[in-house]
Amino acid sequence: MQIDKLRGRELDQLFQSILSLKDLEECYRFFDDLCTINEIQSLAQRLEVARMLRDGNTYHKIETETGASTATISRVKRCLNYGNDAYTMALDRVKANQSETSS
């Protein structure tokens with residue numbers, strides 16, 4: 001697993017900090033301090049690309065709607081197909097949470 005190369009005290013601290021956030025407002029505040037607007041938007045864009053790929057959208061439609069490059073779309077698709085299933089896990093959980101809240 002490639003993520004093993006990243007493991008370490010600093011990354012553990014980052015992830016523990018993210019896991020400590022209690023709600024959406026705290027996430028906005030934390031990421032606003034931690035990242036640039038472009039970095040946050042790039043992360044959000046990748047997640048949206050993953051959602052759209054899972055939903056069967058074409059590269060052209062994804063490019064048009066998200067502004068993502070074909071290189072970004074390809075990278076996300078490679079992660080969906082050969083990665084750690086983290087996009088799938090996160091998107092499934094978000095969808096389940098949205099279903100619970102709208103019930």
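This is a predicted model: local features need pLDDT of at least 70, side-chain atom pairs count only at pLDDT 80 or more; totals for chains, interfaces and linings use all residues.

Biologist: What is the phi angle of Asp85, and how exposed is the residue?

Modeller: Phi of Asp85 is near 65°, which is a positive value in a residue other than glycine. With a relative accessible area of 49%, Asp85 counts as partly exposed, because the exposed class begins over 50%.

Biologist: Let us step back to the whole chain. How many helices and strands does the protein have?

Modeller: There are 6 helices and 0 strands. Read from the N terminus, the order of elements is therefore simply α-α-α-α-α-α. The C-alpha trace spans about 40 × 40 × 25 Å along its principal axes.

Biologist: What share of the residues is buried, and what share of the contacts joins residues at least 24 apart?

Modeller: Of the 103 residues in the protein, 15% are buried. Among contacts between residues at least 6 apart in sequence, 35% join residues at least 24 apart.

Biologist: How does one check the length of a helix, taking α5 as the case?

Modeller: One compares an expected span with the distance between the helix ends. Helix α5 covers residues 70–82, which is 13 residues, and at 1.5 Å a residue it should span 18 Å. Its end C-alpha atoms are 18 Å apart, in agreement with that expectation.

Biologist: Which residues of α5 are buried, and why do they line one face?

Modeller: The general idea comes from helix geometry. An α-helix has 3.6 residues a turn, so residues three or four places apart point the same way. In α5 the buried residues are Ile73, Val76 and Leu80. Viewed down the axis of α5, these buried residues fall within an arc of 70°, so they line one face of the helix.

Biologist: Which residues does the face turned away from that side carry?

Modeller: That face of α5 carries the exposed residues Ala71, Arg78 and Tyr82.

Biologist: Against which elements do the buried residues of α5 pack?

Modeller: They pack against α3 (37–54), α4 (59–66) and α6 (86–102).

Biologist: How should I read the packing of α3 with α5?

Modeller: One considers the approach of the axes, their angle, the handedness and then the residues. The axes of α3 and α5 come within 9 Å and cross at roughly 65°, and the crossing is right-handed. On the α3 side the contact is made by Gln45, Arg46, Val49, Ala50, Leu53 and Arg54. On the α5 side, Thr72, Ile73, Val76, Lys77 and Leu80 take part. By class, the residues of this contact divide into 6 nonpolar, 2 polar and 3 charged.

Biologist: How do the axes of α4 and α5 cross, and which residues meet there?

Modeller: The axes of α4 and α5 come within 10 Å and cross at roughly 115°. This crossing, too, is right-handed. Tyr59, Ile62 and Glu63 in α4 meet Thr70, Ile73, Ser74 and Lys77 in α5. The residues of this contact divide into 3 nonpolar, 2 polar and 2 charged.

Biologist: Where does Ser69 lie, and what separates it from Tyr59?

Modeller: Ser69 lies in the loop between α4 and α5. With a relative accessible area of 35%, Ser69 is partly exposed. The C-alpha atoms of Ser69 and Tyr59 are separated by 9.1 Å, while the two residues are 10 residues apart along the chain.

Biologist: May we compare sequence separation and spatial distance at other positions?

Modeller: Ser17, in helix α1, is partly exposed at a relative accessible area of 26%. Ser17 and Phe30 are 13 residues apart in sequence, and their C-alpha atoms are 9.0 Å apart in space. Asp4 is found in the segment before α1 (9–20) and, at 44% relative accessibility, counts as partly exposed. The C-alpha atoms of Asp4 and Asp33 are separated by 27 Å, and these residues are 29 residues apart along the chain.

Notes
Residues are numbered from 1 along each chain as its sequence is written. Side-chain values use heavy atoms; hydrogens and water are left out. Helices (H or I, at least four residues) and strands (E, at least two) are DSSP runs, numbered from the N terminus. The expected span of a helix is 1.5 Å times one less than its number of residues. Buried means under 20% relative accessible area, exposed over 50%, partly exposed in between (1.4 Å probe, protein chains only). The arc is that of the directions from the helix axis to the C-beta atoms. Contact means heavy atoms within 4.5 Å. Axes are lines fitted to C-alpha atoms, for helices over the stretch in contact, and angles run from 0 to 180 degrees between N-to-C directions. A crossing is left-handed if the near helix is turned anticlockwise from the far one by less than a right angle, and right-handed if clockwise. Ala, Val, Leu, Ile, Met, Phe, Trp, Tyr, Cys and Pro count as nonpolar, Asp, Glu, Lys and Arg as charged, and the others, Gly among them, as polar.
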